[in-house]
Amino acid sequence: MDTPLSMSRDAESRKPFNVLNFVERFGLVFVWIIVIAIFAVVLPGIFFTWTNFSILFATQAPGAVLALALVIPLTAGDYDLSVGATLTLSAVTIGVLNAVNDVPIVLAVLAALCGGAVVGLVNAFFIVYVRIPSLVVTLGTTSVITGLVQWMTNSSTIGGISPHLIDIVARGRLFGISYAFYYVILVAIVIWLVFEYTPLGRRILFVGRGREVARLSGIDVGRVRVGCLVASGLLSALGGVIYAGLLGAADPFSGLNFLLPAFAAAYLGATAIIPGRFNPWGAVVSVYFLATGITGLTMLGIPLWVTS
């Protein structure tokens, strides 16, 4: 028996090809290509090199994972301002456990991921069950986590993280690009598959479009929102693992620098690939589009504050 979810997907697949729709969907990709071409002409032999792009793809991986983490609760209608702080907490947890206390790196990474899930659960409790607005809750969570991180690190960078983590994040390469970039692609594929091809993905979309309508349709709105917030915390912690692997250290001030770019990428991504919806591929393209522009301007010698 056909459901409204499957019928809507079938209707979308039967739409005839439309040039304007195609341009709308992939316009950001075209603009990205144009930006690359401009910088390649202005900076010949410097910008358009495999080395430059391999560095770009790797260094932006934590921010891309944060953008993907945001896409999930945003689709369900909730904001998570704590993703940057959760990334920092994750990296610092790895640094404190592994570099300071000699805990095996596998256990340290698992502890960091569990910490992210706990942050998501705390956010979900106050947002879904206490019914405090998500902006207020996650802003408060950010403040608490920031204080906790400063206490754990004494406001100092922790170095000496296991080279095994660095090997599987930064040093390991495929086609000259660090594994960090492929972790982003893997996360994007998983989210895309869930959003597009599972009942859960459609429930998340319905909850974001109208919670009361979704509830009356038999969807457990609270459970869906809790799952989205936990997934956001878990992916933010994964971003911290990747960041620690790239840096080989834990910086207690790093995560908040990713927050606004991640939000910008998530919202800009909603105008591409699947316009009008937060979607993983749009978010990933947006992250690297913005990073390409900043990198090119920086190479031209423009002050960093202008790109910010």
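pLDDT is the predictor's confidence in each residue, on a scale from 0 to 100. What I am showing is a predicted model, so I start there: local features need pLDDT of at least 70, side-chain atom pairs count only at pLDDT 80 or more, and totals for chains, interfaces and linings use all residues. Residues are numbered from 1 along each chain as its sequence is written, and side-chain values use heavy atoms, with hydrogens and water left out.

The chain has a mean pLDDT of 88, and 93% of its residues reach 70 or more. Over residues 1–5, pLDDT stays under 50. For that stretch the model has four contacts beyond four places in sequence, where contact means heavy atoms within 4.5 Å.

Now the overall picture. The chain's secondary structure comes to 15 helices and four strands; these are DSSP runs numbered from the N terminus, helices being H or I of at least four residues and strands E of at least two. The radius of gyration is 20 Å, close to the 19 Å that the globule rule gives for 308 residues, so the chain is as compact as a globular protein of that length. That radius is taken over C-alpha atoms, and the rule is 2.2 Å times the number of residues to the power 0.38. Along its principal axes, the C-alpha trace spans about 55 × 50 × 35 Å.

Next, helix packing. Two packed helices are described by the angle between their axes and the distance between the axes. Axes are lines fitted to C-alpha atoms, for helices over the stretch in contact, and angles run from 0 to 180 degrees between N-to-C directions. Under 35 degrees counts as roughly parallel, over 145 as roughly antiparallel, 65 to 115 as roughly perpendicular, and the rest as oblique.

The H4 and H9 pair comes first. Helix H4, residues 61–75, packs against helix H9, residues 179–197, at about 15 degrees, with axes 9 Å apart. H4 and H9 are therefore roughly parallel. Residues making the contact include Leu 68 and Ile 72 of H4, and Val 184 and Phe 195 of H9.

Then H5, residues 83–100, and H13, residues 256–269: the angle is about 140 degrees, and the axes are 7 Å apart. H5 and H13 are therefore oblique to each other. Among the contact residues are Gly 84 and Thr 88 of H5 and Phe 258 of H13.

Last, H10, residues 199–209, and H12, residues 221–247, pack at about 105 degrees with axes 10 Å apart. H10 and H12 are therefore roughly perpendicular. The contact is made by Arg 203, Ile 204 and Val 207 of H10, with Val 221, Val 224, Arg 225 and Cys 228 of H12.
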